[in-house]
Amino acid sequence: MEFASSARSTLGVEWELAVVDPTTGAMVPRAKELLADIGDRRFDKEFLAGMIELITGVHRSTDEAVDELRGMRDLAAAAADRLGLALIGSGTHPTCRWREQDQADDPRYRRVVERSRDWGRRLVIFGVHNHVGVEHPQKVVPLLRTMLDRLPLILALSASSPFWQGEDTGFASHRTMLFQQLPTGGLPPAFVDWAEYRRAIDEMLAAGVISDLGELRWDLRPSPHLGTLEVRIADGAPSIDDLAGVTALAHCLIEEASRALDEGRPQLHLPSWLVRENKWRTARHGLDATIIADEECALQHVRDALGEAIERLAPIAEELGASRSLAAAGRVLERGGSAAQQRADFARGGGDAVVQGLIAAFRA
């Protein structure tokens, strides 16, 4: 297993979306038809027949990647209009019934359901995945270990899945709780180095845990064939602002960690139990979470931690061409995030109002 050559801190983004009826808000299995109408190789099918994915090219600037996705959003919205469809980007579809959804016709996705049964079939979920280039395989595992401590910031900013089958789950990110039920989902092991990672992958392949690396659906994972570290914990992005903010945050945090490694700064990591606890707290409470900031168990509101991170990362954002997108993270934080907005919509008009709010957010 070789780690592909990749320019440092280059960026690629994947944005998963649900295809819905604009009147009823229900998911509809018309992704194949929509993709044919769009006619662009940057758009692809996904796990469900009512789901598409937008995939950027490789960028050196966060803002350029977001600009590409904005243009792709416009293409998708226009095609949806022609077909009498709409698109939404939240972490879960707020009202649909998972048993009624059709799977996409793909052997990879069939294997998920065959192995995980109803837990696999429940995955009516949508995310944003950020691939950040790493210049050397020996660096990717230390970056992964550092980013494990930063994942609550990304999850809190992105949390957009409070509803499931029309009910408020009590979680800001119910998608997080669903996805980690897969045997190869959730947090990755806190590997020590590239050699330990390679041994673990070899053992998983030999034992039949996975048949290829794509079946490791960790919240954060190396992608050796691309030469990237892939951040997968984020909920789906309802709007361009949500997309830009979470992408800039992930991009800048990885570059910050990369600079610390280059400068030989001491790498102090939170213990694995604390990483798990912070993930759970953030999935539960989103931007209202209180996380454990260090091994002395000092507590910090995640809003404050995010505000500090946005301010601290501003110089890096300027160098990465991420300033506009990082400013979007500040706007999402100020507004209170998608989970809170969806709950406000629900209080006003139930599940239908939530879906209509998401349809409007996608086009904003």
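**Packing and fold of a predicted protein chain**

Reader: Which residues is leucine 34 in contact with, leaving aside its neighbours within four places in sequence?
Author: The model is a predicted one, and contact here means heavy atoms within 4.5 Å. Once the neighbours within four places in sequence are left aside, the residues in contact with leucine 34 are Val19, Ile52, Ala76, Ala79, Ala80, Leu83, Leu85 and Leu87.

Reader: Which residues touch the most other members of the largest nonpolar core, and which helix gives the most to this core?
Author: The largest nonpolar core holds 92 residues, and those that touch the most other members are Trp15, Leu34, Ile52, Ile154 and Leu229. With 12 residues, the helix that gives the most to this core is H5, residues 137-158.

Reader: Is threonine 146 buried or exposed, and what does threonine 146 touch?
Author: Threonine 146 lies in helix H5. Because its relative accessible area is 5% and the cut-off for burial is under 20%, threonine 146 is buried. Not counting residues up to four places away in sequence, threonine 146 touches Ala257, Gln267 and His269.

Reader: Where is alanine 237 found, and which residues does alanine 237 touch?
Author: Alanine 237 is found in the loop between strand S11 (228-231) and helix H8 (240-262), and, at 2% relative accessibility, alanine 237 counts as buried. Setting aside residues up to four places away in sequence, alanine 237 touches Trp15, Gly89, Val128, Asp242 and Leu243.

Reader: How many Å apart in space are alanine 237 and glutamine 101, C-alpha to C-alpha?
Author: Along the sequence, alanine 237 and glutamine 101 are 136 residues apart. In space, C-alpha to C-alpha, the separation between alanine 237 and glutamine 101 is 21 Å.

Reader: What is the phi of serine 9 near, and what is the phi of glutamine 165?
Author: Serine 9, in the segment before strand S1 (11-20), is buried with a relative accessible area of 6%. Glutamine 165, in the loop between strand S6 (163-164) and strand S7 (167-168), counts as buried at 18% relative accessibility. Neither residue is a glycine, yet phi is positive in both, near 60° for serine 9 and, for glutamine 165, about 55°.

Reader: What radius of gyration does the protein chain have, and why does this agree with a compact globule?
Author: The protein chain has 13 helices and 13 strands, and its C-alpha atoms fill a box of roughly 55 × 45 × 35 Å along the principal axes. Because a compact globule with 364 residues would have a radius of gyration near 21 Å, there is agreement with the value for the protein chain, 19 Å.

Reader: What percentage of the 364 residues in the protein chain do buried residues make up?
Author: Among contacts between residues at least 6 apart in sequence, 76% join residues at least 24 apart. The protein chain exposes about 14,800 Å², with carbon and sulfur atoms supplying 50% of that area, while the share of the 364 residues that is buried is 58%.

Reader: How many Å apart do the centres of the positive and negative side chains lie?
Author: The protein chain has 42 positive and 54 negative side chains. The centres of these two sets are separated by 3 Å.

Definitions and conventions. Residues numbered from 1 in each chain as written. Predicted model: local features only at pLDDT ≥ 70, side-chain atom pairs only at ≥ 80, totals over all residues. Heavy atoms only, no water. Helix = DSSP H or I, 4+ residues; strand = E, 2+ residues; numbered from the N terminus. Rg over C-alpha atoms; globule rule 2.2 N^0.38 Å. Buried < 20%, exposed > 50% of the residue type's maximum accessible area, 1.4 Å probe, protein only. Areas by Shrake-Rupley, 256 points an atom, 1.4 Å probe, with all protein chains shown as cover. Lys, Arg positive; Asp, Glu negative; His and termini not counted. Charge placed at Lys NZ, Arg CZ, Asp CG, Glu CD. Core = buried A, V, L, I, M, F, W, Y, C linked by side-chain atoms within 4.5 Å.
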